[in-house]
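Please read the points below with the sequence and the 3D view side by side.

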Amino acid sequence: MSAHSHLDGELPHEPERATLEGRNKVLGFWLFLGGETVLFGTLFSIFLALRDQVGDGNPTGQELFKLGTVAIATFILLTSSLTSVFAIQAMHRNHVKAMQGWLIITVILGLGFLGLEIYEFYEYIHEGHRFSTSAFSSSFYTLVGFHGAHVLFGIVWISLLIFQVARKGLNVVTAPKVYVAGMYWHFIDVVWVFIFTVVYLMGKVG
Amino acid sequence: MAHAHPVKRYTGLMDWLTTVDHKKIGILYLIAGGFFFLIGGFEALLIRIQLWKPLNNFVSADTYNELLTMHGTTMIFLAAMPIIFALMNAIVPLQIGARDVAFPFVNALGFWTFLFGGLLLNVSWIAGAVPDAGWTSYLPLADPTYSPGKGVDFYVLGLQIAGIGTLVGGINFLVTIINMRAPGMSFMRMPMFTWSAFITSALILFAFPALTVGLVALMFDRLFSANFFNVSGGGNTVLWEHIFWIFGHPEVYILILPAFGIISEVISTFSRKRLFGYSSMVFATVLIGFLGFMVWAHHMFTVGLGPVANALFSIATMLIAVPTGIKIFNWIFTMWGGSIRFTAANLFAVGFVPTFVMGGVTGVMLAAAPADFQYHDSYFVVAHFHYVIVGGLVLGLFSGLHYWWPKIFGRMLSEGLGKLTFWTFYIGFHLTFFVQHFLGLLGMPRRVYTYLDGLGFNSMNLISTIGAFLMGIGTIIFIINIIVTAAKPKTASNDPWEDGRTLEWSIPSPAPEYNFLQTPLVRGYDALWKEKMDGNTGMSPAEPIGPIHMPSGSILPFIMSFGLFVAGFGFMYANNEWTGFVKEIFASHAVAGLGLGITLTCMIIRSLKDDHGFHIEPEELTKKEVKE
Amino acid sequence: MAANHSSHSEQPAKRHKHEGPRKHVVAYIFSLLLTLVAFATVIGGEINTSFIYILLLVMAALQVVIQMGFWMHMKDRGHLFPIVGIMTGVFVVFTIVIMAEYWTWW
C-alpha cells in the first residue's frame with residue numbers, strides 16, 4: 001500500500017488520512033468513541049438514579065462539593081483541549097518540535113487535573129464520603145473515577161507518543177496515532193463538561 | 001518494492017497462536033465456539049435428564065441452578081456469538097472483495113479475549129464455585145448476601161473479559177465494511193449477510209458498553225462493597241434489570257440478524273433467484289436494529305413500571321413484528337417460482353422459516369403486557385426464546401456452516417449426513433420445545449429443579465427429554481460429518497454449489513491468504529451472478545497483478561488476553577481463605593496487578609513497534625494460482 | 001463511498017491553506033464564557049431549579065458543539081460515519097437516561 005512510499009518523503013496534507021490504515025484508525029476510533037458515549041451515558045444514568053440515596057448522617061453533594069476546585073479543574077482541562085488542538089495544527093504543518101511542545105503542555109495540564117482530583121477525593125474521604133458509604137457515594141466515585149482513569153490513560157498514551165515521535169519522526173504511521181490521541185483527549189473533555197454540569201453544578205443546586 | 005522486509009512466518013501451533021488472518025481466526029472462533037456449544041449442550045441434556053420424571057433426584061437443586069445458569073450463559077456468549085463471529089470472519093471480507101479486515105491485530109485480540117473470558121467462566125466448574133444466579137444474574141439474588149461464594153464473580157469477570165473481545169470485534173467489522181469494500185461495491189450492492197453483519201456489529205458497539213458498566217457495578221458491589229444494588233445502602237435492584245436488558249435485548253438481535261442474513265443468502269442461491277425485495281430487506285434489518293434499543297422493558301412487565309411504560313414497550317415490541325414479517329414474506333417470494341434445490345444447507349434455511357414464525361408469534365403474545373403476567377417465568381417463555389434462538393439462530397448457523405464449509409475448508413460436507421443432521425435435529429427440536437408451550441400454559445414455572453406428580457406435567461416433560469436427546473444425536477451426526485469430511489482431499493471448486501451469486505464464490509476454496517489476486521470490479525448486486533449472466537467466467541479485475549501487502553503475525557494478542565485472564569483471577573481471589581504466601585500475593589492484589597501489567601506492557605510494545613508486514617510478490621502469486 | 005479509496009490522498013496540497021490559531025482561541029474563550037455562565041448561575045442561585053437545570057444543559061450542549069464540531073472536525077466534510085456513530089450513541093444514552101429518571105423509583 002501507499003504507507004511505505006510516504007515514509008521517507010514529504011509529509012502529505014492531513015497525514016492521518018493519507019493511508020487506508022490511517023483512515024481505518026480514525027474511523028475505528030470515532031466508532032469506539034460512540035461506544036464510549038454509551039459507556040459514560042450508562043454511568044451517568046446510574047448516578048442520576050442513585051444521587052439522592054445519601055443515607056442518614058452522610059454528607060450530601062450540596063455539603064461536599066467545592067465549586068472552586070471544580071472550576072479550576074475545568075479551566076485546566078479546557079485549556080488542555082486547546083493545547084491539543086494546537087498540537088494537531090502543528091502536526092498538519094509538519095512542525096514536529098512545536099507539536100511535541102504542545103503535547104507536553106497538554107500532558108502537564110492533564111497531570112494537574114489529575115492531582116486536583118486526587119486531592120478532592122482525599123478531602124471527601126476525610127469528610128466521611130467513602131466509596132462504600134452509600135449508593136450516592138459509590139455511583140459518584142465510579143463515574144468520576146472512570147473519567148479520572150481515562151485521563152490517566154490519556155496521559156500515559158500521549159507521553160508514549162511524544163517519545164515515539166522523537167524516535168521515529170512524524171510520518172504516515174505516527175501521524176494517525178497522534179491525531180487519534182487528540183480526539184481521545186477532546187472526548188475526555190466533553191465527558192468532563194457533563195460531569196461538572198450534572199454531578200457538581202446540578203448537585204449543588206440540589 | 002524497495003522495502004523487502006524479511007518474512008517471519010510461523011508454522012504449526014505457533015501459526016495458530018499468532019495468526020492475524022481473518023480466515024484462520026474464523027476457524028479458531030468456530031473451534032472454540034463449537035467446543036462451548038458442546039459443553040452448553042451437555043448441560044442442557046443434564047437439565048432434561050433431571051426433568052424427565054417428577055421428583056427426580058438425578059442432580060441436586062444447587063447443581064440444577066448451576067447447570068441452568070451456565071447453560072444459558074455459555075450458549076449465548078460463548079457458543080452462539082463466537083460461531084456468528086466465525087462466519088463473519090470467514091465470509092464478510094470475501095463478500096465485499098477485501099484482502100483483509102481493517103484491524104487484523106485487533107481481530108486476533110478479540111478472539112483471544114473471548115476465549116480467555118470463556119475459559120475463566122468455565123474454570124468455575126473446576127474451582128467448585130459455579131455461577132448459579134441465572135444468566136440474567138438478577139439482584140438481590142446475585143449480591144454478596146445471597147450468593148456468597150465466588151460463583152457470581154466468575155460470571156462477572158468472565159463475561160467482562162469476553163465482552164471486551166466482542167466489542168473490539170464489532171468495531172473491526174464496522175470499519176472493514178465501511179472502508180474496505182471493493183470498487184463498485186456500494187452499500188446497496190452488499191450481500192444480505194454482510195448487511196446483517198454490519199448492523200449486528202453496530203448493535204454490539206452500542207449495547208455492550210451498557211453491559212460493561214452493569215458488570216463493573218456488580219463487581220464493585222461484590223468485591224469492594226459498593227452500594228449500587230444493595231438496598232440497605234440506598235441501591236436499587238431494578239436498576240440492574242434495566243441495565244442488563246438495555247444490553248440484553250439488543251443482544252437478542254445481535255444473535256438473530258446474522259441468521260437472517262445467512263438465510264437470505266442460502267434461499268436465494270438454492271432457488272436460483274435474486275433475493276426478493278432486497279432493499280426492503282435492508283430497510284427491515286436496519287429498522288429491527290433500531291427498534292431493538294427501545295423494547296428492553298418488555299422483559300420487565302411484571303416489575304410494576306406502571307401502565308404507561310408497559311403500554312409503550314408493548315407497542316414498540318409489537319412493531320418489530322412488521323419488519324420481521326417483511327423478511328418472512330421476502331423469503332417466501334424468493335422461493336416462489338424458483339428452481340429450488342433442497343441441499344442440506346437449504347433444508348435448514350427452509351426449515352428455519354416456519355420455526356421462526358412460531359417463535360415470532362409467541363413473541364407477539366408475550367409482548368401483550370396483560371397477557372405476559374400469565375406467561376411470565378413459565379415454560380411458555382422458555383419455549384418462546386428457544387424457538388427464536390435454536391429454531392432461529394442455530395438452524396441459521398447450521399445452514400450457513402453447510403453452505404460455506406467448502407469456502408472455509410475446501411471440502412464439501414457430506415450431503416447425506418447433512419440431511420440426516422437436519423431431520424434428527426429439527427424433529428428433536430420441535431419435540432423438545434413445542435410441548436413446553438403447553439407446560440407453561442399449564443403453569444409449570446421455569447428455573448425450578450423439579451415438579452410434583454399429578455400436575456399433568458409428566459408426559460410432556462418426558463417427550464421434551466426425548467426430543468433433547470434427538471437434538472444431541474443430530475449434533476453428533478454433524479460432528480461425524482466434519483470428521484469424515486476432514487479425511488477427504490480438498491477438492492471443492494471455486495463455486496462448488498454452481499449457483500454462487502456473491503464474490504466469495506469467485507475465488508478458490510479455501511480462499512488464499514490474500515483473498516483476491518486482483519481486487520474485483522463490482523458491477524451490480526449479486527456481483528458474480530451478474531458476470532455469469534453476462535457470459536463472463538469470473539469477475540473482471542479492478543487492478544493489475546502487483547505485490548500484495550500482508551500484516552505479520554503476532555503473539556501479543558494471546559499474551560494480552562492471558563494477562564486479563566490472570567487479572568480476573570487476581571481480583572476474584574484477593575479475598576480468599578488460603579494461607580501463607582499464596583494468600584498474601586492474592587490479597588495484596590499483586591496477581592491482579594501482574595495480569596494488568598502484562599496486558600499494558602503488550603499494548604505499549606504494540607504501539608512502539610511498527611508492523612511493516614511483508615509483501616507477496618507477483619511471481620509467487622501467479623505460481624500459486626497455477627498450482628491451485 | 002467506495003470511491004473514497006483514492007479521493008483523499010489525491011487532493012492537491014497547495015490549494016489547501018492551513019487554518020490559523022485565531023479561530024480556535026475564539027472557540028476557547030467562548031467555551032470559557034459558557035463555563036463561567038454555568039458556574040455563575042449556580043453560585044448566584046435563587047432561581048427556579050428546573051430553569052437552572054435546563055440552562056446548565058444548554059451550556060453543556062454548546063460546549064459539546066465547540067469540542068466535537070470544531071476541535072474534532074466533526075463539521076468538516078467526510079464525517080458522515082463519525083456523526084452517525086456518535087448520534088446513535090447519544091440516542092441510546094437518551095433512552096438510558098429516561099430509564100434512570102422515570103423507571104427506577106416509583
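1. B:D495 and B:K532 form a salt bridge (a side-chain nitrogen of Lys or Arg within 4 Å of a carboxyl oxygen of Asp or Glu), and their closest N and O atoms are 2.6 Å apart. B:D495 lies in the loop between α15 (458-486) and α16 (527-533) of chain B, while B:K532 belongs to helix α16 of chain B, so the pair ties together parts that are 37 residues apart in sequence. Here helices (H or I, at least four residues) and strands (E, at least two) are DSSP runs, numbered from the N terminus. B:D495 is buried at a relative accessible area of 15%, whereas B:K532, at 24%, is partly exposed; buried means under 20% relative accessible area, exposed over 50%, and partly exposed in between (1.4 Å probe, protein chains only).

2. This is a predicted model, in which local features need pLDDT of at least 70 and side-chain atom pairs count only at pLDDT 80 or more, while totals for chains, interfaces and linings use all residues. Residues are numbered from 1 along each chain as its sequence is written, chains are lettered from A and ligands numbered from 1 in the order in which they are written, and side-chain values use heavy atoms, with hydrogens and water left out.

3. A second salt bridge in chain B joins B:R523 to B:D534, with 2.8 Å between the closest N and O atoms. B:R523 sits in the loop between α15 and α16 of chain B and B:D534 in the loop between α16 and β1 (548-550) of chain B, eleven residues apart. Through shared partners, salt bridges join B:R523, B:K530, B:E531 and B:D534 into one network.

4. In chain A, A:K66 forms a salt bridge with A:E127, and the closest N and O atoms are 3.3 Å apart. Because A:K66 lies in the loop between α2 (61-64) and α3 and A:E127 in the loop between α4 (96-126) and α5 (135-168) of chain A, the pair ties together parts that are 61 residues apart in sequence.
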